[in-house]
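Dear colleague,

I am passing on the structure below, together with notes on a cavity and on a pair of helices. Please look at the coordinates alongside the text.

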Amino acid sequence: MAPRPRTIEDIRDASRRLVRELGFMQATLAGTDLPASSVHAGIEIAARDGITATDLADRLRLEKSSVSRMLRKLIVAGVVAERPGTHDARTKALGLTPAGHQLAADIHAFARKQVQAALARLSPAQHDTVLDGLRLYADALVREAPVAPRPVRIERGYRTGLIARVTELHAHH
């Protein structure tokens, strides 16, 4: 059964309110001087020490080039460090520096205080309702698995448009 249009609009309204109330519309997030994407990157790196930039981009649902620029800034700021990958030295494993670990702890403390203040306005039964609702909604938002790429076909010789297609692929990735 399809959801009622009013339900859709009410959920969209509540989602926008969450974004505003949690501070995602600000230039910085969670009491830091970092944008939201950098805060989330730090949390993911803290939770998954050794994650690669590619895996981080997938997890954050951001373009690899955006993640690369963001990571450069976090490395220069002394928050993130790169080390050779364990299985392939060409890859870089990401980890937090001591300053990065402190930043992550500060972000978690800020977020816990924010959630605690909101839950203090609700009854214990409502806490479970909020948790169940957020989990259900987040799970429902998860995108479908990506479509498998088409099989690769190797052909010899020049094909019209090949150089343009390679240039296009480089421009978008």
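**Cavity and helix packing**

The largest cavity has a volume of about 30 Å³. Please keep in mind that this is a predicted model. At a threshold of 30 Å³ or more, the structure holds one cavity.

Which residues line the largest cavity? The lining is made up of Leu34, Ser38, Val39, Gly42, Val79, Leu96, Gly100, Leu103 and Ile107. Two elements, helix H2 (36-47) and helix H5 (98-119), each give two or more residues to this lining. By class, six of the lining residues are nonpolar and three are polar, with no charged residue among them.

Two packed helices are described by the angle between their axes and the distance between the axes.

Which residues of H3 and H4 meet? On the H3 side they are Ala53, Thr54, Leu56, Ala57 and Leu60. On the H4 side they are Lys64, Val67, Met70 and Leu71. The contact of H3 with H4 comprises seven nonpolar residues, one polar and one charged.

Regards

Note on methods
Residues are numbered from 1 along each chain as its sequence is written. This is a predicted model: local features need pLDDT of at least 70, side-chain atom pairs count only at pLDDT 80 or more; totals for chains, interfaces and linings use all residues. Side-chain values use heavy atoms; hydrogens and water are left out. Contact means heavy atoms within 4.5 Å. Helices (H or I, at least four residues) and strands (E, at least two) are DSSP runs, numbered from the N terminus. Ala, Val, Leu, Ile, Met, Phe, Trp, Tyr, Cys and Pro count as nonpolar, Asp, Glu, Lys and Arg as charged, and the others, Gly among them, as polar. On a 1 Å grid over the protein atoms alone, a cavity is a set of points where a 1.4 Å probe fits but cannot get out, and a pocket is an open set with protein on both sides within 12 Å along at least five of seven lines; lining residues have an atom within 4 Å of a point. Grid points are joined across faces, edges and corners, and a volume is the space filled by probe spheres set on the points.
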